[in-house]
Amino acid sequence: MILEIDNVELYFKEKRILNGIYLKVETGKVTGILGSNGCGKSCLINIIFGELKPKYKLIRIDNKPILKPLYQTKLVAYLPQYHFIPNRMKVKTVFKLFKVSWESFMSDFESFSIFKNTNLNKLSGGERRVIETYIILKSERKIVLLDEPFSHLAPLNIDKVKAVISEEKQRKAIITTDHLYRHIIDTSDNIYLIKNGHTKLINNLTELEDYNYLSQGNIIK
Ligand SMILES: Nc1ncnc2c1ncn2[C@@H]1O[C@H](COP(=O)(O)OP(=O)(O)OP(=O)(O)O)[C@@H](O)[C@H]1O
């Protein structure tokens, strides 16, 4: 499957946030989006999901325009920045509801076994984020949108989530964004930078410095 999005124009009142966007995403690949605070990364992900309606947008799947919001199809799963599962739900219920195997979770995150009967609001922010990220990554959806999957996680859990991303991308198209840019670089097959409302496909990582996203010297030449 190839998902393309272009012709996006997003305004809030008179403030133009996005214009000149092109993104191509494929099954078997992770597409990373980078950009400074407020450049429009979350908005773009939300536009793809279909919740945020810009002035214009064109989304195509395998060259066919998609006219209804993607969230109304069974194609997409979205990890927003906020906690999206109700507080009072028990962890085991979450897995049942989202049809994700608890056993497979245990093989990757064994230390979470103690939380099976715990309500989500009794977990730490990072523990909860691991569960939410895992649920979204493992869902039976062909397109997965991950808004900041790494930001609240401890290093060991970041490595485990990265392993799940590599496994799941075999059968999914994954779009991800995070300020922990090294993890985005590690996991992504393609990287786009959003700058001044436009996307730029990054061919060489040093461009991240040239476009002033990173300060000079971050990327070893
Ligand atoms: N509902 C809204 N009303 C008005 N302005 C908004 C709204 N949502 C977002 N914005 C503005 O749109 C811009 C892009 O926001 P967005 O959340 O997409 O940025 P981002 O790149 O994800 O930033 P960050 O990395 O800081 O999370 C910001 O300037 C923000 O203030």
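Author: Gladly! Let us begin with contacts: two residues are in contact if their C-beta atoms, placed from the backbone, lie within 7 Å. Leaving aside neighbours within four places in sequence, Val144 is in contact with Ala77, Ile136, Leu137, Lys172 and Ile174. Please keep in mind that this is a predicted model.

Reader: How do you know what confidence the predictor has in the protein chain?

Author: On the scale from 0 to 100, the protein chain averages a pLDDT of 96, and 99% of the residues score at least 70. The model also scores ipTM 0.98 and pTM 0.96.

Reader: Why is Arg182 called exposed?

Author: Arg182 has 11, so Arg182 is exposed. Arg182 is found in helix H6, residues 181-187. The C-alpha atom of Arg182 is separated by 32 Å from that of Lys116, a residue 66 places away along the chain.

Reader: What makes a set of residues a nonpolar core, and which residues have the most contacts inside the largest one?

Author: Members must be buried, of a nonpolar kind such as Val, Leu or Ile, and joined through C-beta atoms within 7 Å. The largest such core here has 53 residues, and those with the most contacts inside it are Leu44, Ile48, Val144, Leu145 and Ile175. Helix H4, residues 125-138, gives the most to this core, with 6 residues. Over the protein chain, buried residues make up 36% of the 221 residues.

Reader: What makes a residue part of the shell around the ligand, and which helix gives the most to it?

Author: The C-beta atom must lie within 6 Å of the molecule. The ligand is surrounded by Phe12, Ile17, Gly35, Asn37, Gly38, Cys39, Gly40, Lys41, Ser42 and Cys43. Helix H1, residues 41-49, gives the most to this shell, with 3 residues.

Reader: How do the residues of that shell divide?

Author: They divide into 4 nonpolar, 5 polar and 1 charged. Gly counts as polar and Cys as nonpolar in this scheme.

Technical notes
Residues numbered from 1 in each chain as written. Predicted model: local features only at pLDDT ≥ 70, side-chain atom pairs only at ≥ 80, totals over all residues. Helix = DSSP H or I, 4+ residues; strand = E, 2+ residues; numbered from the N terminus. Buried ≥ 20, exposed ≤ 12 C-beta atoms within 10 Å, placed from the backbone.
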